[in-house]
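Student: I would like to go through the labels used for this protein and see what each one rests on. Can we take them one by one?

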Amino acid sequence: MSLTTFDQNFSVADGFFAAEHSDAPGDASELLEAHSRVLRLIASDADLVDCLREIAVRLKTITGGADAIVVALRPESGEAVGAAATDEAMEEGLKALTTLPSSRHSLIVDDLIANQGRSVGLRHDVMNRAGQELGVMIVLGERSKIPAAPGIRALNDLSFLTAYAIEAAGRTRALVAANERFAALAKNIPGVVYQRVVRPNGDIRYTYISDSAKDLFGVSPEEILSDPQALFDCHGPDYYSTFRERLLAASRSLQLWDVEATIIARDGTRKFTHAIARPHREADGTVVWNGVILNQTRIKEAELEAAAASRRTRDAIIESIPQAFALFDPNDCLVTWNSRFLELYPELNDVIVAGTSYETLLQAELNASIDPIPEGVSLQEHLERRLEQHRQAGHVVERRLPNGRWILINEHHTTDGGVVVLHTDITELKAREAALARSNHELEAFASIASHDLQEPLRKIDAFGDRLKRKYSTELGEDGNMYIDRMRSSVSRMRALINDLLDYSRVTTKAKPFTRVDLTDVVSDVVSDLEVRIEEVEGSVVFDHLPTLDADRTQMRQLFQNLIANAMKFHRENEAPRVEIRAEIAERSKNVNPHRCRIDVIDNGIGFDMKYADRVFGIFQRLHTRAEYEGTGVGLATCRKIAERHQGEISVHSRTGEGTTFSIDIPLRQPMAGGEGARP
């Protein structure tokens, strides 16, 4: 048997049905018919063996009855397969193949002979269009009568068809495998995989949707592919009312579709979904969306439960606030409130709802006479004034309700632009304030009595005692004169005590507004007033430039007079008393009053044990007997009261026999200095 072997490395060229085959043996239509039949088999996804058999049959017809065997490798597995027009031709071809010299061909031949022409598991590299090896072998028997040129051309064409059949079979298998993989992937993805198209005319259709749609929506994929409305009906009216416009807008801009939605499945179950899809535009303008719809129900329900727990916690906190509480958002709309608010203002029950504007609520307060309008001011003027106050940060105002209760309103702006409003019932505080005012008035009345009515009897006792001593000194004898002296001494102590008590009470009852006070001038005046007493004990007072601050000048003078007089009184024997006054201005945190002043009054007196440090500032507290040192025990208590009235404090450091230092820490500026509202 003479053999003709075609071993091709090929590519399927466009138009291989060209007219150049018109000189083939017989009618050219036979070759075209052969092409047509083979291509129809390929198009119908016929098995590769069937395609090879059809090629062998057509070869036999075209070559004038020559038997042929067509050999190829399955592209998906590399198995060697062969086919002939008849079983006899196949057997003859197998025998002829054993004479082929090529080692590669020998592998195929041996495998085919061993399996009598059936497919085998041989893998072998061949050449295809992608650059991989692919072998096409056609073997003709010696009975063939083939014209040289036309026959060779026909065999060439059919060998190309054989290669094309191999590629087609490979593509078909690959597509089937890809579809199977995609189907498996879509089935196992925890969501609904879909492909949606939006036509240029606005028509919306689904070209694919996975079986998971049945589980999530209760709607079969077939229904959705037939009519997408079956899917849209599962969404609420609010979502669906804008769905089409949003999807068309996203299709025009090719923006990522990232949307959460609430759905009601056909069984009535409420679920939460999260759809994510990416678009691409095709040549005809159609936008294809490939995406997935995830079931977010468990996550969303957990979020809702967490939010509900947060709301419950927030509500519990709000309800625990003893004041009436209201919160407004940056747009001045009411967000939340507590029950105390409605308890305080039952007249506002109809307007205390979420979303009510601050102005509407204020208007309702005015209409219900909750917020009294000052005399001579119109309702509109008062409303505008209140709104202007509302726009200020940290607004505080007092209000008296028609039922007589007093309310303190504090408005605080939050960092995001909202407003927290607290209404505090200060009725009891106002009552205590009124009681304190009455007490102060009574104390002032007592002071007036003490300064006049009590002083008058003392003056008479002192005057009559003086007359008794001058007129009846001889008759009274030594004991009588002693009694008169002791009586007059008691009168002097009583007068001093009354004066000291008056000074102590006047710290609040006769307080004056704060003004700018130069402490250097104040201390100079005090030293001048105490000049005689200082000279008597040969003492000295040393001070340099002292600061100027907001203060009550009279009280500052009283404070330094008490401290300097004490230093002159409690001095050590055989040592002249010396007082040094110095001041230091220290930086503080950046708040309303950034600077404070510390004033030290240092003496070299007798000192005392520090265990009595708190006691010395108590009223009527003395560390020595009247026989040792005169005094009423009120002076230092008055000093502390003066320091506190000036938002300051006084402290002491002392050592027995080494002297004492009184330190006064006081602001340089008072927030209400110079006005009628100066702190009492």
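**Labels and their cut-offs**

Tutor: The model is predicted. By the distance rule for cysteine sulfur atoms, the count of disulfides comes to zero.

Student: What makes a pair of cysteines count as a disulfide?

Tutor: The sulfur atoms must lie within 2.5 Å. A disulfide is a covalent bond between the sulfur atoms of two cysteines.

Student: Why is Cys 639 called buried, and why is Cys 333 called partly exposed?

Tutor: Buried means under 20% relative accessible area. Cys 639 has 0%, so it is buried. Cys 333 has 23%, which lies between the 20% and 50% limits, so Cys 333 is partly exposed.

Student: How many salt bridges are there?

Tutor: The count comes to 27. Side chains of opposite charge can pair when their charged atoms come close.

Student: How do you know that Arg 553 and Asp 525 form a salt bridge?

Tutor: The closest N and O atoms of Arg 553 and Asp 525 are 3.3 Å apart. The cut-off is 4 Å, so the pair counts as a salt bridge. This pair links distant parts of the chain: Arg 553 is in helix 18 (residues 553-569) and Asp 525 in helix 16 (residues 519-529), 28 residues apart. Arg 553, at 38%, is partly exposed, and Asp 525, at 30%, is partly exposed as well.

Student: What makes Glu 580 and Arg 578 a salt bridge?

Tutor: Their N to O distance is 3.9 Å, and this is within 4 Å, so the pair counts. Glu 580 has a relative accessible area of 25% and Arg 578 has 39%; each value falls between 20% and 50%, so both residues are partly exposed.

Student: Why is Glu 658 called exposed?

Tutor: Exposed means over 50%, and Glu 658 has 51%, so the label applies. Arg 655 is also at 51% and counts as exposed. Glu 658 and Arg 655 form a salt bridge, with the closest N and O atoms 3.5 Å apart. Elsewhere, salt bridges that share partners join Glu 365, Asp 371, Arg 386 and Arg 399 into one network.

Student: Which residues make the nonpolar surface patch of about 250 Å²?

Tutor: Leu 468, Tyr 472 and Leu 476 make that patch. Leu 468 lies in helix 15 (residues 455-509).

Conventions
Residues numbered from 1 in each chain as written. Predicted model: local features only at pLDDT ≥ 70, side-chain atom pairs only at ≥ 80, totals over all residues. Heavy atoms only, no water. Patch = residues over 30% accessible without salt bridge, like charges linked within 9 Å, V, L, I, M, F, W, Y side chains within 5 Å. Areas by Shrake-Rupley, 256 points an atom, 1.4 Å probe, with all protein chains shown as cover. Salt bridge = Lys/Arg side-chain N within 4 Å of Asp/Glu carboxyl O. Helix = DSSP H or I, 4+ residues; strand = E, 2+ residues; numbered from the N terminus. Buried < 20%, exposed > 50% of the residue type's maximum accessible area, 1.4 Å probe, protein only.
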